[in-house]
Amino acid sequence: MRCRFCSKTIHNIFIDLGSTAVSNAFLTKENLNDRECLYPLKVLVCDNCFLVQVDEYQKREEIFSPDYVYFSSVSEYWLAHSKKYVEKITPRFNLNTNSLVVEIASNDGYLLQYFQEKNIPVLGIEPTASTAQIAINKGIDTIIEFFDENLALKLSELRKADLILGNNVLAHVPDLNSFVRGLKILLKPVGVMTFEFPHLMKLIEKTEFDTIYHEHFSYFSFYFINKLFDFHGFKIFDVEQLETHGGSLRIYVKHRENENEPVLESVQQLLDTELTAGVNKISSYKGFNERANNAKYKFLSYIIGERMKGKKIIAFGAAAKGNTFLNYCGIKPDIIECVVDDTPSKQGKFLPQSHIPVVSRDYFVDNKPDIIIILPWNFKKEIIEKLAFTKSWGTQLVTYIPDIEIN
Ligand SMILES: [Zn+2]
(Lines give C-alpha, C1' and ligand atoms only; values in the text may rest on other atoms or scores of the structure.)
Protein backbone atom coordinates (compact mmCIF):
# COMPACT_ATOMS: atom_id res chain seq x y z
CA MET A 1 0.00 0.00 0.00
CA ARG A 2 0.96 3.64 -0.24
CA CYS A 3 1.53 5.78 2.86
CA ARG A 4 -1.52 7.88 3.69
CA PHE A 5 0.66 10.93 4.29
CA CYS A 6 3.69 10.83 2.00
CA SER A 7 2.46 8.30 -0.64
CA LYS A 8 5.61 6.17 -0.43
CA THR A 9 5.06 2.42 -0.91
CA ILE A 10 5.23 0.79 2.51
CA HIS A 11 5.87 -2.81 3.51
CA ASN A 12 7.20 -2.80 7.08
CA ILE A 13 4.78 -4.57 9.43
CA PHE A 14 4.37 -3.09 12.91
CA ILE A 15 1.84 -5.70 14.06
CA ASP A 16 -0.52 -8.19 12.42
CA LEU A 17 -3.58 -8.88 14.59
CA GLY A 18 -5.25 -11.22 12.09
CA SER A 19 -8.83 -11.00 10.85
CA THR A 20 -11.10 -9.19 13.29
CA ALA A 21 -14.58 -7.71 13.46
CA VAL A 22 -15.16 -3.99 13.79
CA SER A 23 -14.95 -3.38 17.57
CA ASN A 24 -18.22 -1.54 17.90
CA ALA A 25 -20.24 -4.03 15.84
CA PHE A 26 -22.15 -5.47 18.81
CA LEU A 27 -24.58 -8.25 17.92
CA THR A 28 -28.17 -8.73 18.99
CA LYS A 29 -29.57 -12.13 19.88
CA GLU A 30 -31.38 -12.21 16.51
CA ASN A 31 -28.25 -11.69 14.39
CA LEU A 32 -25.95 -14.03 16.34
CA ASN A 33 -26.27 -16.63 13.60
CA ASP A 34 -25.58 -14.21 10.76
CA ARG A 35 -22.25 -14.15 8.97
CA GLU A 36 -19.94 -11.60 10.57
CA CYS A 37 -17.69 -9.32 8.54
CA LEU A 38 -14.06 -9.77 9.50
CA TYR A 39 -11.30 -7.56 8.14
CA PRO A 40 -7.54 -8.07 8.32
CA LEU A 41 -6.07 -5.84 11.01
CA LYS A 42 -2.50 -5.33 9.90
CA VAL A 43 -0.60 -2.22 10.93
CA LEU A 44 2.32 -0.95 8.87
CA VAL A 45 4.93 1.72 9.43
CA CYS A 46 6.24 4.04 6.70
CA ASP A 47 10.05 4.15 6.59
CA ASN A 48 9.97 7.65 5.13
CA CYS A 49 7.61 9.68 7.40
CA PHE A 50 7.14 7.04 10.17
CA LEU A 51 3.36 7.20 10.14
CA VAL A 52 2.03 3.99 11.72
CA GLN A 53 -1.11 3.06 9.80
CA VAL A 54 -3.70 0.35 9.23
CA ASP A 55 -3.39 -1.59 6.00
CA GLU A 56 -7.03 -2.13 5.06
CA TYR A 57 -9.01 0.89 3.99
CA GLN A 58 -12.38 0.30 5.65
CA LYS A 59 -15.51 2.06 4.50
CA ARG A 60 -16.04 4.63 7.20
CA GLU A 61 -19.83 4.53 6.92
CA GLU A 62 -19.66 0.92 8.07
CA ILE A 63 -17.48 1.70 11.06
CA PHE A 64 -19.58 4.56 12.43
CA SER A 65 -23.01 3.13 11.78
CA PRO A 66 -26.09 5.14 12.85
CA ASP A 67 -26.51 2.98 15.95
CA TYR A 68 -22.93 3.53 17.11
CA VAL A 69 -23.02 2.82 20.81
CA TYR A 70 -20.31 4.96 22.36
CA PHE A 71 -21.68 7.87 24.39
CA SER A 72 -18.93 9.98 25.93
CA SER A 73 -21.17 11.32 28.71
CA VAL A 74 -21.49 7.84 30.20
CA SER A 75 -17.97 8.10 31.59
CA GLU A 76 -17.71 10.34 34.63
CA TYR A 77 -13.99 10.37 34.08
CA TRP A 78 -14.34 11.91 30.60
CA LEU A 79 -16.77 14.51 31.85
CA ALA A 80 -14.36 15.61 34.58
CA HIS A 81 -11.46 15.59 32.10
CA SER A 82 -13.45 17.76 29.66
CA LYS A 83 -14.60 20.23 32.28
CA LYS A 84 -11.03 20.72 33.45
CA TYR A 85 -9.94 21.36 29.85
CA VAL A 86 -12.62 24.03 29.35
CA GLU A 87 -11.65 25.75 32.62
CA LYS A 88 -8.03 25.84 31.52
CA ILE A 89 -8.41 26.81 27.87
CA THR A 90 -11.02 29.58 28.26
CA PRO A 91 -8.77 32.10 30.09
CA ARG A 92 -5.60 31.01 28.27
CA PHE A 93 -6.99 32.03 24.87
CA ASN A 94 -9.44 34.69 26.09
CA LEU A 95 -12.50 32.87 24.79
CA ASN A 96 -15.70 34.84 25.32
CA THR A 97 -19.23 35.44 24.05
CA ASN A 98 -17.83 36.65 20.70
CA SER A 99 -15.72 33.55 20.10
CA LEU A 100 -16.60 30.40 18.20
CA VAL A 101 -15.50 27.00 19.50
CA VAL A 102 -15.76 24.13 17.01
CA GLU A 103 -15.35 20.55 18.15
CA ILE A 104 -14.75 17.82 15.60
CA ALA A 105 -16.29 14.50 16.69
CA SER A 106 -18.32 16.25 19.36
CA ASN A 107 -20.16 13.03 20.26
CA ASP A 108 -23.14 13.74 22.57
CA GLY A 109 -21.97 17.23 23.53
CA TYR A 110 -20.02 15.90 26.55
CA LEU A 111 -17.46 18.73 26.23
CA LEU A 112 -19.16 21.59 24.39
CA GLN A 113 -21.79 21.77 27.13
CA TYR A 114 -19.16 23.32 29.43
CA PHE A 115 -18.39 26.11 26.93
CA GLN A 116 -22.11 26.63 26.46
CA GLU A 117 -22.51 27.09 30.24
CA LYS A 118 -20.11 30.03 29.90
CA ASN A 119 -22.18 31.47 27.02
CA ILE A 120 -19.35 30.86 24.57
CA PRO A 121 -20.84 30.01 21.13
CA VAL A 122 -20.15 26.44 20.04
CA LEU A 123 -20.57 24.22 17.01
CA GLY A 124 -20.27 20.44 17.09
CA ILE A 125 -19.44 18.30 14.07
CA GLU A 126 -20.38 14.66 14.58
CA PRO A 127 -20.99 12.04 11.88
CA THR A 128 -22.88 9.60 14.10
CA ALA A 129 -26.56 10.52 14.11
CA SER A 130 -27.44 8.70 17.34
CA THR A 131 -24.89 10.60 19.44
CA ALA A 132 -25.31 13.92 17.60
CA GLN A 133 -29.05 13.85 18.26
CA ILE A 134 -28.44 13.76 22.01
CA ALA A 135 -26.29 16.90 21.73
CA ILE A 136 -28.96 18.62 19.61
CA ASN A 137 -31.59 17.71 22.21
CA LYS A 138 -29.40 19.41 24.83
CA GLY A 139 -29.44 22.58 22.68
CA ILE A 140 -25.90 22.18 21.35
CA ASP A 141 -25.65 23.25 17.71
CA THR A 142 -24.38 20.14 15.88
CA ILE A 143 -23.84 19.26 12.23
CA ILE A 144 -24.22 15.56 11.42
CA GLU A 145 -21.37 15.08 8.94
CA PHE A 146 -17.76 13.98 8.57
CA PHE A 147 -15.28 16.83 8.70
CA ASP A 148 -13.22 17.44 5.57
CA GLU A 149 -12.16 20.23 3.21
CA ASN A 150 -15.60 20.50 1.61
CA LEU A 151 -17.44 20.93 4.90
CA ALA A 152 -14.79 23.43 6.08
CA LEU A 153 -15.33 25.51 2.93
CA LYS A 154 -19.08 25.54 3.46
CA LEU A 155 -18.78 26.49 7.15
CA SER A 156 -16.11 29.14 6.65
CA GLU A 157 -18.41 31.13 4.33
CA LEU A 158 -20.40 32.00 7.46
CA ARG A 159 -17.85 32.06 10.28
CA LYS A 160 -14.37 30.90 11.16
CA ALA A 161 -13.30 29.38 14.46
CA ASP A 162 -11.32 30.87 17.34
CA LEU A 163 -10.74 27.42 18.80
CA ILE A 164 -10.98 24.09 17.00
CA LEU A 165 -10.60 20.99 19.11
CA GLY A 166 -10.63 17.30 18.46
CA ASN A 167 -10.22 14.61 21.09
CA ASN A 168 -9.38 11.12 19.90
CA VAL A 169 -10.45 11.99 16.36
CA LEU A 170 -7.20 12.22 14.34
CA ALA A 171 -6.68 8.46 14.51
CA HIS A 172 -10.16 7.94 13.02
CA VAL A 173 -9.46 10.06 9.94
CA PRO A 174 -8.79 8.08 6.74
CA ASP A 175 -7.58 11.06 4.68
CA LEU A 176 -5.35 13.03 7.03
CA ASN A 177 -4.22 15.55 4.41
CA SER A 178 -7.77 16.54 3.46
CA PHE A 179 -8.68 16.83 7.13
CA VAL A 180 -5.77 19.16 7.94
CA ARG A 181 -6.42 21.23 4.78
CA GLY A 182 -9.96 21.65 6.12
CA LEU A 183 -8.59 22.91 9.43
CA LYS A 184 -6.48 25.44 7.54
CA ILE A 185 -9.67 26.80 5.97
CA LEU A 186 -11.83 26.88 9.09
CA LEU A 187 -9.40 28.39 11.63
CA LYS A 188 -9.22 32.19 12.05
CA PRO A 189 -5.75 33.72 11.40
CA VAL A 190 -5.24 34.16 15.17
CA GLY A 191 -7.22 31.06 16.15
CA VAL A 192 -5.75 28.05 17.93
CA MET A 193 -6.43 24.33 17.88
CA THR A 194 -5.92 21.51 20.35
CA PHE A 195 -5.95 17.79 19.64
CA GLU A 196 -5.66 14.86 21.99
CA PHE A 197 -4.60 11.43 20.83
CA PRO A 198 -2.95 8.31 22.29
CA HIS A 199 0.82 8.63 22.15
CA LEU A 200 2.43 5.97 19.96
CA MET A 201 5.61 5.93 22.04
CA LYS A 202 3.59 4.91 25.13
CA LEU A 203 1.74 2.27 23.13
CA ILE A 204 5.10 0.78 22.12
CA GLU A 205 6.69 1.19 25.55
CA LYS A 206 3.83 -0.56 27.38
CA THR A 207 2.89 -3.05 24.61
CA GLU A 208 -0.65 -1.64 24.49
CA PHE A 209 -1.48 -3.59 21.33
CA ASP A 210 -5.15 -3.86 22.32
CA THR A 211 -5.61 -0.14 21.64
CA ILE A 212 -5.31 -1.06 17.95
CA TYR A 213 -8.64 -1.60 16.20
CA HIS A 214 -10.34 -1.00 12.86
CA GLU A 215 -11.84 2.33 13.87
CA HIS A 216 -8.29 3.74 13.97
CA PHE A 217 -6.46 4.38 10.73
CA SER A 218 -3.28 5.77 12.28
CA TYR A 219 -1.16 5.91 15.44
CA PHE A 220 0.88 9.01 16.05
CA SER A 221 4.25 9.88 17.40
CA PHE A 222 4.86 13.55 18.18
CA TYR A 223 7.56 13.43 15.52
CA PHE A 224 5.04 12.49 12.82
CA ILE A 225 2.30 14.85 13.98
CA ASN A 226 4.78 17.73 13.79
CA LYS A 227 5.56 16.78 10.20
CA LEU A 228 1.88 16.61 9.32
CA PHE A 229 0.96 20.05 10.67
CA ASP A 230 4.18 21.64 9.43
CA PHE A 231 3.50 20.36 5.90
CA HIS A 232 0.13 22.15 5.90
CA GLY A 233 1.45 25.50 7.17
CA PHE A 234 0.69 25.09 10.86
CA LYS A 235 3.01 25.23 13.86
CA ILE A 236 2.68 23.23 17.09
CA PHE A 237 3.46 25.67 19.91
CA ASP A 238 2.85 23.57 23.04
CA VAL A 239 2.36 19.94 24.02
CA GLU A 240 1.19 18.25 27.21
CA GLN A 241 1.51 14.61 28.21
CA LEU A 242 -1.72 13.19 29.65
CA GLU A 243 -2.54 9.97 31.47
CA THR A 244 -5.65 9.22 29.36
CA HIS A 245 -5.80 6.07 27.19
CA GLY A 246 -2.58 4.72 28.69
CA GLY A 247 -0.66 7.88 27.75
CA SER A 248 -1.90 10.61 25.41
CA LEU A 249 -0.65 13.90 24.03
CA ARG A 250 -2.51 17.20 23.84
CA ILE A 251 -1.02 19.43 21.16
CA TYR A 252 -1.60 23.16 20.67
CA VAL A 253 -1.51 24.31 17.05
CA LYS A 254 -1.57 27.71 15.29
CA HIS A 255 -1.14 29.03 11.76
CA ARG A 256 2.59 29.38 11.08
CA GLU A 257 2.21 33.14 10.45
CA ASN A 258 0.44 33.73 13.80
CA GLU A 259 2.93 35.68 15.96
CA ASN A 260 0.66 35.77 19.04
CA GLU A 261 1.66 32.43 20.49
CA PRO A 262 5.34 31.76 21.20
CA VAL A 263 6.57 28.21 20.69
CA LEU A 264 7.19 26.75 24.15
CA GLU A 265 10.13 24.58 25.20
CA SER A 266 7.86 21.56 25.66
CA VAL A 267 7.80 21.07 21.88
CA GLN A 268 11.55 20.65 21.34
CA GLN A 269 11.88 18.67 24.57
CA LEU A 270 9.40 16.00 23.49
CA LEU A 271 10.88 15.87 19.99
CA ASP A 272 14.32 15.28 21.50
CA THR A 273 12.95 12.55 23.78
CA GLU A 274 11.36 10.76 20.84
CA LEU A 275 14.45 11.07 18.66
CA THR A 276 16.57 9.62 21.46
CA ALA A 277 14.07 6.73 21.67
CA GLY A 278 14.57 6.11 17.93
CA VAL A 279 11.26 7.41 16.55
CA ASN A 280 12.82 7.84 13.09
CA LYS A 281 14.47 4.42 12.92
CA ILE A 282 12.59 1.46 11.51
CA SER A 283 14.34 -0.89 13.98
CA SER A 284 12.45 0.78 16.87
CA TYR A 285 9.17 -0.58 15.47
CA LYS A 286 10.36 -4.17 15.13
CA GLY A 287 9.77 -6.66 17.92
CA PHE A 288 6.41 -5.14 18.90
CA ASN A 289 4.46 -8.05 17.41
CA GLU A 290 6.55 -10.54 19.34
CA ARG A 291 6.02 -8.67 22.62
CA ALA A 292 2.25 -8.63 21.96
CA ASN A 293 2.32 -12.39 21.37
CA ASN A 294 4.14 -12.90 24.66
CA ALA A 295 1.48 -10.87 26.50
CA LYS A 296 -1.16 -13.08 24.84
CA TYR A 297 0.59 -16.35 25.80
CA LYS A 298 1.02 -15.19 29.41
CA PHE A 299 -2.64 -14.22 29.69
CA LEU A 300 -3.86 -17.44 28.07
CA SER A 301 -1.80 -19.68 30.30
CA TYR A 302 -3.07 -17.78 33.36
CA ILE A 303 -6.75 -17.77 32.41
CA ILE A 304 -6.87 -21.34 31.11
CA GLY A 305 -5.17 -22.49 34.31
CA GLU A 306 -7.78 -20.74 36.43
CA ARG A 307 -10.63 -22.02 34.28
CA MET A 308 -9.37 -25.61 34.60
CA LYS A 309 -9.50 -25.16 38.38
CA GLY A 310 -13.22 -24.49 37.91
CA LYS A 311 -13.08 -20.74 38.56
CA LYS A 312 -16.02 -18.56 37.51
CA ILE A 313 -14.58 -15.85 35.27
CA ILE A 314 -16.25 -12.74 33.86
CA ALA A 315 -15.05 -9.41 32.43
CA PHE A 316 -15.95 -5.80 33.15
CA GLY A 317 -16.30 -3.02 30.54
CA ALA A 318 -17.26 -3.85 26.93
CA ALA A 319 -14.70 -1.42 25.49
CA ALA A 320 -13.23 -1.57 21.98
CA LYS A 321 -9.78 -2.46 23.29
CA GLY A 322 -11.31 -5.45 25.09
CA ASN A 323 -12.57 -6.79 21.78
CA THR A 324 -9.14 -6.56 20.18
CA PHE A 325 -7.63 -8.40 23.11
CA LEU A 326 -10.28 -11.13 23.46
CA ASN A 327 -10.33 -11.84 19.75
CA TYR A 328 -6.55 -11.88 19.45
CA CYS A 329 -6.52 -14.41 22.29
CA GLY A 330 -9.42 -16.37 20.77
CA ILE A 331 -11.45 -16.26 23.98
CA LYS A 332 -15.10 -17.34 23.89
CA PRO A 333 -17.91 -17.57 26.51
CA ASP A 334 -16.67 -20.98 27.71
CA ILE A 335 -13.79 -19.12 29.39
CA ILE A 336 -15.28 -15.68 30.09
CA GLU A 337 -19.01 -16.20 30.61
CA CYS A 338 -20.12 -12.58 30.26
CA VAL A 339 -19.03 -8.96 30.44
CA VAL A 340 -20.70 -6.52 32.82
CA ASP A 341 -21.11 -3.01 31.39
CA ASP A 342 -22.97 0.06 32.67
CA THR A 343 -23.95 1.34 29.19
CA PRO A 344 -27.65 0.51 28.67
CA SER A 345 -27.31 0.43 24.85
CA LYS A 346 -24.71 -2.38 25.07
CA GLN A 347 -26.60 -4.52 27.59
CA GLY A 348 -28.43 -7.52 26.16
CA LYS A 349 -26.08 -7.55 23.16
CA PHE A 350 -23.06 -9.72 22.37
CA LEU A 351 -19.44 -8.78 21.75
CA PRO A 352 -18.46 -9.06 18.09
CA GLN A 353 -16.59 -12.23 17.12
CA SER A 354 -16.23 -13.67 20.67
CA HIS A 355 -20.05 -13.59 21.18
CA ILE A 356 -19.61 -13.00 24.92
CA PRO A 357 -22.92 -11.63 26.28
CA VAL A 358 -23.01 -8.10 27.74
CA VAL A 359 -25.06 -7.82 30.93
CA SER A 360 -25.88 -5.15 33.48
CA ARG A 361 -24.72 -5.05 37.10
CA ASP A 362 -27.87 -6.97 38.04
CA TYR A 363 -25.70 -9.98 37.23
CA PHE A 364 -24.10 -9.61 40.66
CA VAL A 365 -27.42 -10.19 42.44
CA ASP A 366 -27.23 -13.94 41.76
CA ASN A 367 -23.58 -14.42 40.81
CA LYS A 368 -20.30 -14.09 42.70
CA PRO A 369 -17.47 -14.51 40.17
CA ASP A 370 -14.02 -15.63 41.32
CA ILE A 371 -12.21 -13.49 38.76
CA ILE A 372 -13.17 -10.27 36.96
CA ILE A 373 -10.96 -9.26 34.02
CA ILE A 374 -10.93 -5.47 33.63
CA LEU A 375 -10.94 -4.87 29.88
CA PRO A 376 -10.67 -1.03 29.78
CA TRP A 377 -7.48 -1.03 31.90
CA ASN A 378 -7.09 2.70 31.24
CA PHE A 379 -9.99 3.17 33.71
CA LYS A 380 -8.58 0.59 36.12
CA LYS A 381 -8.62 2.82 39.21
CA GLU A 382 -12.20 3.98 38.60
CA ILE A 383 -13.37 0.39 37.96
CA ILE A 384 -11.62 -1.14 40.98
CA GLU A 385 -13.44 1.43 43.13
CA LYS A 386 -16.75 0.57 41.45
CA LEU A 387 -16.19 -3.14 42.09
CA ALA A 388 -14.96 -2.76 45.68
CA PHE A 389 -18.08 -4.63 46.89
CA THR A 390 -16.77 -7.87 45.32
CA LYS A 391 -13.78 -7.90 47.70
CA SER A 392 -15.85 -9.52 50.45
CA TRP A 393 -16.49 -12.45 48.08
CA GLY A 394 -12.75 -12.91 47.57
CA THR A 395 -13.07 -11.91 43.90
CA GLN A 396 -9.82 -11.12 42.10
CA LEU A 397 -9.78 -8.05 39.84
CA VAL A 398 -7.30 -8.63 37.04
CA THR A 399 -5.60 -6.43 34.42
CA TYR A 400 -3.20 -7.77 31.78
CA ILE A 401 -1.34 -4.89 30.08
CA PRO A 402 1.65 -4.85 30.11
CA ASP A 403 1.62 -7.74 32.62
CA ILE A 404 -0.97 -9.69 34.58
CA GLU A 405 -1.79 -7.83 37.75
CA ILE A 406 -4.13 -9.26 40.38
CA ASN A 407 -5.83 -6.72 42.63
ZN1 LIG B 1 4.93 8.07 4.80
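Predicted model: local features only at pLDDT ≥ 70, side-chain atom pairs only at ≥ 80, totals over all residues.
A charge is said to sit over a ring if NZ of Lys or CZ of Arg is within 6 Å of the ring centre and within 35 degrees of the ring normal.

**Charges over rings**
- Y328 has K296 over its face, with 4.3 Å to the ring centre.

**The pair F50 and Y223**
- F50 and Y223 form an edge-to-face aromatic pair, with 6.3 Å centre to centre and 65° between the planes.
- Because F50 belongs to the loop between β2 (39-45) and β3 (52-54) and Y223 to helix α8 (residues 222-231), the pair ties together parts that are 173 residues apart in sequence.
- Both F50 and Y223 are buried.

**The pair F325 and Y400**
- The aromatic pair of F325 and Y400 is stacked, with 3.8 Å centre to centre and 15° between the planes.
- F325 lies in helix α11 (residues 320-329) and Y400 in the loop between β16 (396-399) and β17 (405-406); the pair therefore ties together parts that are 75 residues apart in sequence.
- F325 is buried, as is Y400.

**Ring cluster**
- F5, F197, F220, F224 and F231 are linked into a cluster by ring pairs.

Note on methods
Residues numbered from 1 in each chain as written. Heavy atoms only, no water. Phe/Tyr/Trp six-rings, centres within 6.5 Å; stacked < 30°, edge-to-face > 60°. Helix = DSSP H or I, 4+ residues; strand = E, 2+ residues; numbered from the N terminus. Buried < 20%, exposed > 50% of the residue type's maximum accessible area, 1.4 Å probe, protein only.
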